[in-house]
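Student: I have a new chain to look at. Can we go through it step by step?

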Amino acid sequence: VVIIITLGGRGFTIMAKTGVVEFTFCKLCRVHHNAGRKHIFTKKHKGRLATVLSKFRAKIKDARRCLKKPVVEEGEVEPEIKIWCYCCDEEVDKHVTDREMSVVQGGVLEHMASSDHHKKTRHFWWQHGADVSDQPHFLLHQLDYERYKEAVSVAVKAVEARVADRQEKEVAALRTQETQRAALFHSQVAPTPTQGFVLWQLSSV
């Protein structure tokens, strides 16, 4: 006979005459269970964990490609696009942008280097029984991130210089066009020396 059901953020507890039965909710398997730590060794959980980490690994692999050679592009790249961090259970901005310029994959790399992500990733590994040797791939050390930011700064300056150079050329081209238009207009309106001589002769007669 059930006496009390106590709900919690991670599961619930059922108190009966036979004793207390604790149920835990597994976010990966999307089920409540009372198997305790034994659940992470089940075939279903291991399969779900492998699938999740495989998807996340692919996204991180894309981000890591930009680690040594940052990609900075003009304008806003993939506006409002986010990726899901399974370790932190939250959405993360894929890129960093001010709308005039974007650091491709900058949001993902910034998140991977955060202390909060490191802490939650370690907990995720313990909670779901992931392979400890695989954990470093999902983290970014602060020293590597600092080097990345320095490389980003260099890349940003290069883009700014390219934009400034293009704008100068565009301004110069506009000035040239205006000069040519003014010269053409002057040649069409102003009388030639011959025309002026003919008009003087007619007025003399």
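Student: In what order do the elements of the chain run from the N terminus on?

Tutor: Keep in mind that this is a predicted model. The chain has five helices and nine strands. From the N terminus on, they run β-β-β-β-α-β-β-β-β-β-α-α-α-α.

Student: Which residues of strand 6 point to the face that is buried?

Tutor: In a regular strand the side chains alternate between the two faces of the sheet. Strand 6 covers residues 82–85, and its side chains alternate.

Student: Which residue in strand 7 stands opposite I83?

Tutor: Strand 7 covers residues 90–93 and runs antiparallel to strand 6. Four bridges join the two strands. Opposite I83 stands V92.

Student: Which residue in the hairpin of strand 6 and strand 7 takes a positive phi?

Tutor: Four residues lie between these strands. One has a positive phi near 60°. That residue is D89.

Student: Is helix 2 roughly parallel or roughly perpendicular to helix 3?

Tutor: Take helix 2 as residues 106–113 and helix 3 as residues 115–128. Their axes come within 5 Å and cross at roughly 65°. Angles of 65 to 115 degrees count as roughly perpendicular. So helix 2 to helix 3 is roughly perpendicular.

Student: How many residues of the contact of helix 2 with helix 3 are charged?

Tutor: H111, M112 and A113 in helix 2 meet S115, H117 and H118 in helix 3. Two of the contact residues are nonpolar and four are polar. The number of charged residues: none.

Note on methods
Residues numbered from 1 in each chain as written. Predicted model: local features only at pLDDT ≥ 70, side-chain atom pairs only at ≥ 80, totals over all residues. Heavy atoms only, no water. Axes fitted to C-alpha atoms, helices over the stretch in contact; angles between N-to-C directions. Parallel < 35°, antiparallel > 145°, perpendicular 65-115°, else oblique. Contact = heavy atoms within 4.5 Å. Nonpolar A, V, L, I, M, F, W, Y, C, P; charged D, E, K, R; others polar. Buried < 20%, exposed > 50% of the residue type's maximum accessible area, 1.4 Å probe, protein only. Pairing = 2+ DSSP bridges.
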